[in-house]
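Q: I'd like a close look at one part of this model. Could you walk me through how it packs against the rest?

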Amino acid sequence: SVVAMLAEKYGPRLCVVDSSNEIAGDGDTPHRLLKSARRLQVADPEQLAAKLIEALINHGPAVMIVDELARPSEVKNIIRIIQRGVRVIACLHGDTIQEVVRNPDYEPLLGIDNGQHIYPTILTSAVELRERGFYYAYETLSNAVDDVLFNNIPASKLLPLENLTTLKQNL
């Protein structure tokens, strides 16, 4: 649903970098909901970091959607992309926000150095899909990171998935 909303709004200025074909569809024909948005398939997950830079350089996106960030090289390139003014929606591995914050590979995105939150988060908000039909919205990711690092439960809003109001406001 988020991809369809963004494809409608940004058209070819939306670029989907899909490492598992879960976002934009499998095969040579992209999912019809992409409309005129760009799609870069990643045949080998080891090449995701390079495809991110290829998308930035060759497609000039306003928004980039990336599936399955998992390696430090991918995180580094996402930071470069965000610093160039591209809005990024990325899937990170972890069942909970606590797992994501405690994953050392994601520390640069979350403003963490040696287990301490010392600089601003690169990502500003987060959505966690934990329960069927609902999502948890962390509207200020920086606060959620602090809460996790201090072993507190981060503040979130539990919202029904069909009501994407919070997501729409942030896109």
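This is a predicted model: local features need pLDDT of at least 70, side-chain atom pairs count only at pLDDT 80 or more; totals for chains, interfaces and linings use all residues.

A: Start with the helix itself: helix 6 runs over residues 141-149, and its buried residues are Leu 141, Ala 144, Val 145 and Val 148. These four sit on the same side of helix 6, because they span an arc of only 100° around the axis.

Leu 110 gives you a handle on the helix 5 side. Setting aside neighbours within four places in sequence, Leu 110 is in contact with Leu 141 and Val 145, and also with Val 100, Val 101, His 117, Tyr 119 and Thr 121.

Zoom out a bit and you land in the largest nonpolar core, which has 32 residues; Leu 110 is among those with the most contacts inside it, along with Leu 52, Met 64 and Leu 109. Helix 6 gives two or more residues to this core, and so do strand 1 (14-18), helix 2 (48-59), strand 3 (63-69), helix 3 (72-83), helix 4, helix 5 and strand 8. There's also a second, separate core of twelve residues, including Ala 24, Leu 34, Ala 62 and Val 63. As background, nonpolar side chains tend to be buried together in soluble globular proteins.

Conventions: Residues are numbered from 1 along each chain as its sequence is written. Side-chain values use heavy atoms; hydrogens and water are left out. Buried means under 20% relative accessible area, exposed over 50%, partly exposed in between (1.4 Å probe, protein chains only). The arc is that of the directions from the helix axis to the C-beta atoms. A nonpolar core is a set of buried Ala, Val, Leu, Ile, Met, Phe, Trp, Tyr and Cys residues joined through side-chain atoms within 4.5 Å. Contact means heavy atoms within 4.5 Å.
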